[in-house]
Amino acid sequence: MHRPVELHGHRGARGLRPENTLPGLAYALEIGVDAIEFDVVLTADHQLVLSHDLTVSAVTSRDTGAEQLVGRPINQLTLAQLRTLDVGVRRPVRENDPFMLTQVGRPDTRMPTLSAVLGLVSAYGADHVRLNVELKSDPTRPELSADPKVFTNLVLDELARHRRIDNSAILSFDWRILAAARDAVPHRYALVEAATIDPVWMAGFDIRDFEVDIAGAAEAVGATVLSPDRVLVDKQLMTGAARRGLPVVVWTVNDPVEAAALLDLGVAAIVTDYPDRMRELWAARGIPLPRSVKAVAAV
């Protein structure tokens, strides 16, 4: 019998449907995942909305109203303004964007609130699926970012209102968020990539104080999971995480061959834009598949 390994849908199922949208999250639930990951930011009127970027993305957003909002800071815009955007598109702004070939658009989709996502999960009866809520915050760009304590508390309040604290996780590259959530939510993911291995991102912790062990710093800030960029994962990282008792959840892995190698290293979960591909790998390896849920009325 294989040990349990989780399958997480990245921004819903970014390779298949528009990211950070209700249709995208719903599609991931219908495919079947253990967790859906999505990004949250704070608006000018203190509303929690889904967006990967701290500014309105030209890749995933299209202006439909009289105002030009694309490119503007989200923390300077109200929910009403942001709801005029069409976020069910993917625009060919970048060269060689692989998702242009595989993502099915859902035009006229509006930017959802965190509350709407929680309502969607309830409507699907998907209480078994963990909500991995990434709080977008950049300590090097404070003018674009919310106060980490205020932001974290608003997210936690919303999760509590929907009785989702116990089966949700708080994720952030800005480890000040993890410190703020330390005593309030049981699952806290320390996100890390090469560019954020720095005390300014790691709530003041320096990995040199932990024998250059990322897991040691993550443990010190109160993380329960280490979640690194796939290029950082090797035997040394896995050994350090095991020594600290931290599961490793690796992102973003879209190649089943690479995913298989990471499973062999002992990762606890794979975060992917293509949960359909990974389900095939899970089946081939005899790993229990996460349960899919039936579609509800159009979202």
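**A walk through the predicted chain**

The mean pLDDT of the chain is 96, and 98% of its residues reach 70 or more; pLDDT is the predictor's confidence in each residue, on a scale from 0 to 100. This is a predicted model, in which local features need pLDDT of at least 70 and side-chain atom pairs count only at pLDDT 80 or more, while totals for chains, interfaces and linings use all residues. Residues are numbered from 1 along each chain as its sequence is written, and side-chain values use heavy atoms, with hydrogens and water left out.

The chain holds 10 helices and nine strands. Here helices (H or I, at least four residues) and strands (E, at least two) are DSSP runs, numbered from the N terminus. The radius of gyration is 18 Å, close to the 19 Å that the globule rule gives for 299 residues, so the chain is as compact as a globular protein of that length. That radius is taken over C-alpha atoms, and the rule is 2.2 Å times the number of residues to the power 0.38. Along the principal axes, the C-alpha atoms fill a box of roughly 55 × 45 × 40 Å. Confidence is lowest in helix α3 (residues 99-102), at a mean of 96, and highest in strand β3 (residues 48-50), at 99.

Of the 299 residues, 56% count as buried. Buried means under 20% relative accessible area, exposed over 50%, and partly exposed in between (1.4 Å probe, protein chains only). The accessible surface comes to about 12,900 Å², and 50% of it belongs to carbon and sulfur atoms; the areas come from the Shrake-Rupley method with a 1.4 Å probe, and for residues only the protein chains shown count as cover. Among contacts in the chain with a separation of 6 or more, 63% are between residues 24 or more positions apart, where contact means heavy atoms within 4.5 Å.

Helix α1 (residues 22-31) is mostly covered, with eight of its 10 residues buried. These include Leu 22, Pro 23, Leu 25 and Ile 31. Their cover includes strands β2 (35-42) and β3 as well as helices α4 (114-123) and α10 (275-285).

Phe 99 lies in helix α3. Its relative accessibility is 8%, so Phe 99 counts as buried. Leaving aside neighbours within four places in sequence, Phe 99 is in contact with Arg 14, Gly 15, Arg 90, Asn 254, Asp 273 and Tyr 274. Ala 203 is 104 residues from Phe 99 along the chain, and their C-alpha atoms are separated by 33 Å.

Asp 63 is in the loop between β3 and α2 (79-82). This residue counts as partly exposed because its relative accessibility is 24%. Beyond neighbours within four places in sequence, Asp 63 is in contact with Gln 68, Leu 69, Val 70 and Leu 85. Thr 78 is 15 residues from Asp 63 along the chain, with 15 Å between their C-alpha atoms.

Most residues other than glycine have a negative phi. His 46, in the loop between β2 and β3, has a positive phi, near 60°. With a relative accessible area of 45%, His 46 is partly exposed. Val 212, in the loop between β6 (187-192) and α7 (214-221), also has a positive phi, near 55°. Val 212 has a relative accessible area of 53%, so it counts as exposed.
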